Amino acid sequence: MDPLTLETAVLSQDKRALVILDQTRLPGEIQYLTLTREEEIWEAIRSLRVRGAPAIGVAAAYGLYLAAIQEETEDTVAFLDALRRHRDYLNSARPTAVNLSWALNRMTAAAQAGRDSLTVPQIKERLLEEAESIRQEDIAISRAIGALGFSLLRPGDGILTHCNAGTLATAKYGTALAPIYTALEKGWQDLRIYCDETRPLLQGARLTAFELQAAGADTTLICDNMASITMQRGKINLVFVGCDRVAANGDTANKIGTSGVAILARHYGIPFYVCAPSSTIDMDTPSGEEIVIEERPPQEVTELWYAHRMAPAGVKVENPAFDVTPHTLITGIITERGIAYPPFDRAFARLGFPGKEAACV
């Protein structure tokens, strides 16, 4: 099976439903869900049925469009008020990935721009066009990141990745895995990919290992606490990870455990790259200290993946879903506009950031 044939989040043919790949069922079962109500889409984002910052943004954009077409009012003011309520509701599904609010704000801005010249049906059509544009742009962005990341590779390199930032996390191709897909398309068969399992939700084990193995890459799964010895043994030449939010100073929020990988990479002298589409770069957040870290249910740690509970009943559990990697540990941030190197604030300015605020309301 070619993993690039999987669709993470698309509209149904009749444009009346969101169709997502239920990632909670992978790797054992490929199952698609058809969602029409915003409550279903909120739950799908919250429960990680659709996940990965770019894919969340695409799903949210379609979700807002679907909520909009179910509004019956023909009054533009009332319709835009309702649209903002739908936006705020969907935005509450998860706090850390900036793509969620970015996509919803972009959709709302597209509708707002037509308030004086378009009818409500015309605004709904504009929302459809904007959602489709967000998806198509995400595919192009992933391809550009893949080309830039590929330029850093040498034949035979060993690459460590954490969590899942592949085609399952985006509209197509991925961010951190996009350079690997580019290499495979060019006929490179000797790259060695090491996937951290990524506790507690096992995105590396269930998703990254699944899609890379299916793509024909030389894939090795390791426990999170094996990253150090794997680096020490000389098997890793560079690290590629994705991200959910990049602060203006280059601090980066990604799946829990990423900062530990960055610390290890610095200790062993291994380049550490973050693959970040422009929609994840949040120039309104000065540093990682201001990034809200999502706290998830303790059951994910104690029992979710086990036949029997693997921790004593009543034990206290902390389950932060993300951590922040300081910019001082990051070699470079690969965006579709180019690779940013420290100092990141100056690099972002050279690459044309900030640039997304115009799309926000």
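Lys15 sits in the loop between strand S1 (9-11) and strand S2 (18-21). Strands here are DSSP runs of E with at least two residues, helices are runs of H or I with at least four, and both are numbered from the N terminus. The model is predicted: local features need pLDDT of at least 70, side-chain atom pairs count only at pLDDT 80 or more, and totals for chains, interfaces and linings use all residues. Residues are numbered from 1 along each chain as its sequence is written, and side-chain values use heavy atoms, without hydrogens or water.

**Backbone features**
- Lys15 is not a glycine, yet its phi is positive, at about 65°.
- Lys15 is partly exposed, with a relative accessible area of 33%. Buried means under 20%, exposed over 50%, and partly exposed in between (1.4 Å probe, protein chains only).
- Cys163 also has a positive phi, near 65°. Cys163 lies in the loop between strand S4 (158-161) and helix H6 (178-185).
- Cys163 is buried, at 6% relative accessible area.
- A cis peptide bond joins Arg199 to Pro200, with omega near 0°. Pro200 belongs to the loop between strand S5 (192-196) and helix H7 (203-215).
- The bond from Pro342 to Pro343 is cis, with omega near -5°. Pro343 is in the loop between strand S14 (338-340) and helix H11 (344-350).

**Nonpolar cores**
- A nonpolar core is a set of buried Ala, Val, Leu, Ile, Met, Phe, Trp, Tyr and Cys residues joined through side-chain atoms within 4.5 Å.
- The largest core has 66 residues, and Leu127 and Phe240 touch the most other members. Helix H2 (residues 53-69) gives this core its largest share, twelve residues.
- A second, separate core holds 26 residues, including Val261, Ala262, Ile281 and Phe344.
- Beyond neighbours within four places in sequence, the contacts of Phe240 include Gly149, His162, Tyr273 and Ile334. Contact means heavy atoms within 4.5 Å.

**Aromatic rings and charges**
- The whole structure has five aromatic pairs. Rings of Phe, Tyr and Trp (its six-membered ring) pair if their centres lie within 6.5 Å; planes under 30 degrees apart are stacked, over 60 edge-to-face, the rest tilted.
- Trp42 and Tyr89 are stacked, 6.0 Å centre to centre with 20° between the planes. Trp42 is in helix H1 (residues 38-46) and Tyr89 in helix H3 (residues 76-91), 47 residues apart.
- Phe344, Phe348 and Phe353 form one aromatic cluster.
- The charged end of Arg337 sits over the ring of Phe353, 4.0 Å from its centre. Such a charge has NZ of Lys or CZ of Arg within 6 Å of the ring centre and within 35 degrees of the ring normal.
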